[in-house]
Amino acid sequence: MNVRLYLVQRATAAIMAPLVLAHLAVIYYATGHSLSAADILGRTRGSMAWGLAYSLFVLVVSAHAAIGVRVVVAEWTPLRGSRLDVLMWTIGIALLALGLRAVAAVVLP
Amino acid sequence: MESTIDVSLWRGKEDGHYQNYKVPLRTSQTVLDVVTWVQRNSDPTLSYRFTCRVGMCGSCAMTVNGRPRWTCRTHVSKVVVDGRVQIGPLANLPVIKDLACNMDAFFKKWQRAKGVFAPSKSKADPIEKIAPTSAQRCAADAAIECINCGVCYAACDTVRWDENYLGPAALNRAWTLVNDVRDSGNSGRLAAVAAEGGCHACHSHESCRQYCPNALNPTTSIAGLKRKTTLAYIRGDL
């Protein structure tokens, strides 16, 4: 952990705080109103707003999780140096790819 | 028939073992008294460190029943459990022999953290006037009483998990110098504590605060370093 990674962790955490609450509110709303998949997709398909909001969420989550796992791996395994960075970037890019794919699935018309 | 306690002392290096001794129980006995009794009356081959024996030098720091303490300031009555005490060298440092650990890494990290005063004036200049109530001096004073005993380093989980981590004592000292207006080494010092293994590795567990025999709080100092380095980085000064 160094100052750059620390700053990214704090910044992504700050951005995630309201996004996580919003995400929970969305889930609560959807389940509370018993929305079907068709109902949900009817609202998200072609929506720039949903696309941007959840893409941002995916971006900060990918960065935060990758850095967090890097710290845990560094403290619990002998992995060090550039191999640690490779692991971090692999996790980050994988989460980003999976997440954006999911956003695309519900947002693209 | 005087009462005795069962004392387990670490013998050997890392691959050593605990050896049991029966030590007479005395009033107001300290753990250092116990170790000294063993070395003088039972086993002269026992190796251990102490100097002042009055709680001001930090040399006698050892692991007592799993916790790092100054043995001269630990009453046996406070730590004995079922008539037993277990004493070993400080954790997180290589063992030289028995109860003596190698403090090299501890002091090397002190240097690496730039916990060294860098003068900004010569003796020809007038003495710097520093108000003892100034915010910076108060921050430095709160952390300045460290005598480098190594107890916080031995107590720290992050030191245990990350051999690269500078540790609470080195970072605490760096913080006192960051707040010393006479010092001129801050750009190098902030870079040193902002690097991998620096202040940002601290998880704020506060084991250092819990065990510091001088009641210091290195976690607070490290939090200060986190703030200073992050701001310096944002401003482009790092």
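Helices are DSSP runs of H or I with at least four residues, and they are numbered from the N terminus. The model shown in these views is predicted.

**View 1. B:S77 sits in helix α2 of chain B, which covers residues 76-79.** What is the state of B:S77, buried or exposed? B:S77 has a relative accessible area of 58%, and a residue counts as exposed when this value is over 50%. B:S77 is therefore exposed. In sequence, B:S77 and B:Q29 are 48 residues apart. In space, their C-alpha atoms are 7.5 Å apart.

**View 2. Chain B is seen as a whole.** Its secondary structure consists of 10 helices and 7 strands. Along the principal axes, the C-alpha atoms of chain B fill a box of roughly 70 × 35 × 30 Å. Chain B has 238 residues, and 48% of them are buried. Among the contacts of chain B with a separation of 6 or more, 63% are between residues 24 or more positions apart.

**View 3. Helix α10 of chain B spans residues 218-235.** The helix has 18 residues, and its first and last C-alpha atoms are 26 Å apart. This is close to the 26 Å expected at 1.5 Å a residue. At the start of α10(B), a side-chain oxygen of B:N217 comes to within 3.1 Å of the backbone nitrogen of B:T219. After the helix comes B:G236, which has a positive phi, near 85°.

**View 4. The buried residues of α10(B) are shown with what covers them.** Which residues of α10(B) are buried? They are B:P218, B:T219, B:S221, B:I222, B:G224, B:L225, B:K226, B:T229, B:T230 and B:A232. Their cover includes α7 (168-178), α8 (186-194) and α9 (207-211) of chain B, together with α1 (3-32) of chain A. B:S221, in helix α10 of chain B, has a relative accessibility of 4%. That value is under the 20% limit, so B:S221 counts as buried. Apart from its neighbours within four places in sequence, B:S221 is in contact with B:A143, B:N172 and B:W175.

**View 5. Helix α1 of chain A packs against helix α10 of chain B.** The two axes are 10 Å apart, and the packing angle is about 95°. Angles of 65 to 115 degrees count as roughly perpendicular, so α1(A) and α10(B) are roughly perpendicular to each other. On the side of α1(A), the contact is made by A:V3, A:R4, A:Y6 and A:L7. On the side of α10(B), it is made by B:K226, B:T229, B:T230, B:Y233 and B:I234.

**View 6. Helices α3 (residues 48-76) and α4 (residues 81-107) of chain A cross each other.** Their axes come within 8 Å and cross at roughly 155°. Angles over 145 degrees count as roughly antiparallel, which means that α3(A) is roughly antiparallel to α4(A). The crossing of these helices is right-handed.

**View 7. A:G42 lies in helix α2 of chain A, which covers residues 37-44.** The relative accessible area of A:G42 is 59%, and the residue is exposed. A:G42 and A:P109 are 67 residues apart in sequence. From C-alpha to C-alpha, they are 9.8 Å apart in space.

**View 8. B:D180 belongs to the loop between α7 and α8 of chain B.** With a relative accessibility of 7%, B:D180 counts as buried. What does the side chain of B:D180 make a polar contact with? The partner is the side chain of B:R182, at 2.8 Å. Leaving out its neighbours within four places in sequence, B:D180 is in contact with B:F117 and B:R137.

**View 9. B:N92 and B:A215 are two loop residues of chain B.** B:N92 is in the loop between β5 (84-88) and β6 (95-97). Its phi is positive, about 65°, although B:N92 is not a glycine. The relative accessible area of B:N92 is 25%, and the residue is partly exposed. B:A215 is in the loop between α9 and α10. B:A215 is not a glycine, yet its phi is positive at about 55°. At 68% relative accessibility, B:A215 counts as exposed.

Key:
Residues numbered from 1 in each chain as written. Chains lettered and ligands numbered in written order. Predicted model: local features only at pLDDT ≥ 70, side-chain atom pairs only at ≥ 80, totals over all residues. Heavy atoms only, no water. Expected span 1.5 Å × (residues − 1). Buried < 20%, exposed > 50% of the residue type's maximum accessible area, 1.4 Å probe, protein only. Contact = heavy atoms within 4.5 Å. Polar contact = N/O pair within 3.5 Å; in protein donor to acceptor, adjacent residues only side chain to side chain. Axes fitted to C-alpha atoms, helices over the stretch in contact; angles between N-to-C directions. Parallel < 35°, antiparallel > 145°, perpendicular 65-115°, else oblique. Left-handed = near helix turned anticlockwise from the far one by under 90°.
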